[in-house]
Amino acid sequence: MDNSSSDHDSQPEVVSNIFTERFTEFNDDGTFKNELVEHTIETEATVPKLGLMLVGLGGNNGSTLVAGLLAHKNQVTWESKTGVHTPNYYGSFTQCGTTKVGIKKLPKGGIKDVYKPVKDLLPTINPTDMEVTGWDISKDNLFEACKRSHVLEPDLVNKLESDLSQIVPMKAAFNPEYIAANQSDRVDNILEGTNEEVIELIRADIRNCKERNEKVIVLWTANTEMYLLPELETIEDLEKAIKDNVSLPASVLYCVAAIKEQVLYLNGSPQNTFHPGVLALAEKEGGLLGGNDFKSGQTRFKTAMSDFLIGAGLRISSIVSYNHLGNNDGKNLSEDKCFQSKKISKSGCLDDAIEGNEILYPRDGKDIDHDVIIRYIPFVGDSKRALDEYSSKIFMDGVNTISTYNICEDSLLAVPIMIDMVVLGELFSRMKVDGKAFGPVLSYLSFFFKAPSTNHPEYVINSFNRQRETIVNLLKAASGITPDDATLLSFNY
Ligand code: NAD
């Protein structure tokens, strides 16, 4: 690997590294060939001024993200009954994660590992430098939105009042058919017009944001919508549905506007916004997409737990997941049409783990019994409860059951992940491998999504460890560091 041009002190315009990828290709008859493929990975080194546009700015996630970044920017401390608190980014892989980058030989003999913060491998944006704006169907300003969400401590929200109250969501694209009827009491801020007109209005908002920033990212953190079926199979189907003013989910209108403006569109909810016709449009117009559905709590744990259980040779046979939550997301999910989107998104996360072990899961054998139940219990607010039961078959057909009970503020888990997907999405949009940019789907963001969308629908990685390894190794390769093969053969381990 040539790391000569990645000397950060000399501030190159492009960080360029040659990386030799190694993999083994198998034939149907079991024979294989070891491949070595040389790639040039180039990353533009200048970090742009970024405008982040949230769809659902005034929701629990949107308002918590804005307040959290303001608290960081202004170093605001706040008091609760447990004492004085200072802002942190705990839960953010980019801001708090580190990775082993190599070893150091000790003067007296022996070795020790060397770690680096993930955010320092390549130039990345500082989250507090972003301008955050966006749309909401409710025109409450962000001070009111933070009060409504009951996520952050009142002392902090009150200290941020003058900044928060100046941020008012822009008028939103809205189609009530696709979200729960119980959301109607917050609708007072919507764009009027045909599909075509609304897309044009959203595009104008994005262009305004572009005028103040060098790059823009749109992130859907609005209500979970019902699936649109049948899917829009081709660009022609999509364009016809727009032109004929067919009743389309708002997410499709935002996504098309983002594609046309060639800005990254991230989908934090489970609905099927990325129809084949939408993906084809993104490919044609140079759009960039990442999704779907933030992988923040129960599913993230499930993909780590299944790494552990199946990785240890145990046969997970049943997983029953139950949650209750009392925030507005829970209220929206209490209507079956929206819950079904969430259920689909939460259900597929073990497919690759099963596929990967034919001893435990023979092709003609049974899958895992897997069910997901969600209930709306207003009393618990944003503090979601997740109860999971993992039953595995063990030696001689014994059964091992592990039950977990997690209580956590939902938005305080989601916001660091939103920051991560924006920081890395922005970075990946500055990268080229062998002269070609990533896209139309930023599959490397799979680590942050429950139901990852990739450029190869047949190849989806859900495993927590594999997703993390893929992203970290890409960052290392692009920054001139050899991804470690972990054999330790040179060190007499
Ligand atoms: P929320 O209900 O508090 O916020 C959603 C906001 O979107 C609301 O303010 C609503 O008024 C607004 N909205 C609805 N339709 C809109 C539209 N068409 N245009 C603009 N704004 C619109 O929900 P939340 O807790 O912030 O979660 C947001 C989304 O993230 C939900 O779909 C949820 O399922 C998803 N999600 C959340 C988590 C998590 O919080 N841990 C994890 C995974 C996915």
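1. Let's start in a loop: P440 sits between β17 (436–437) and α15 (464–479). Helices (H or I, at least four residues) and strands (E, at least two) are DSSP runs, numbered from the N terminus. The bond joining G439 to P440 is a cis peptide bond, with omega about 0°.

2. Before going on, keep in mind that this is a predicted model, where local features need pLDDT of at least 70, side-chain atom pairs count only at pLDDT 80 or more, and totals for chains, interfaces and linings use all residues. Residues are numbered from 1 along each chain as its sequence is written, and side-chain values use heavy atoms, with hydrogens and water left out.

3. Where is P230 found? Look in the loop between β9 (215–220) and α7 (235–243). The peptide bond from L229 to P230 is cis too, with omega near -5°.

4. Now check Q262, in the loop between α8 and β10 (264–267). Its phi is positive, near 55°, and Q262 is not a glycine. For context, most residues other than glycine have a negative phi, and most peptide bonds are trans.

5. On to the ligand, which 29 residues surround (a heavy atom within 4 Å). The closest are D136, A173, R186, S269 and N328. By class, this shell has 10 nonpolar, 12 polar and seven charged residues; Ala, Val, Leu, Ile, Met, Phe, Trp, Tyr, Cys and Pro count as nonpolar, Asp, Glu, Lys and Arg as charged, and the others, Gly among them, as polar.

6. Which helices each supply at least two residues of that shell? They are α1 (60–73), α8 (250–260), α11 (328–333) and α14 (410–428).

7. Some polar contacts (N or O atoms within 3.5 Å) are worth a look. A backbone N or O atom of N60 is 2.8 Å from a ligand oxygen atom, and one of G59 is 3.1 Å from a ligand oxygen atom. D410 has a polar side-chain atom 3.0 Å from a ligand nitrogen atom. Taken alone, the ligand exposes 840 Å², and the protein buries 99% of that (Shrake-Rupley method, 1.4 Å probe).

Methods
A polar contact is a pair of N or O atoms within 3.5 Å; within protein, one must be able to donate a hydrogen and the other to accept it, and residues adjacent in sequence count only if both atoms are side-chain atoms.
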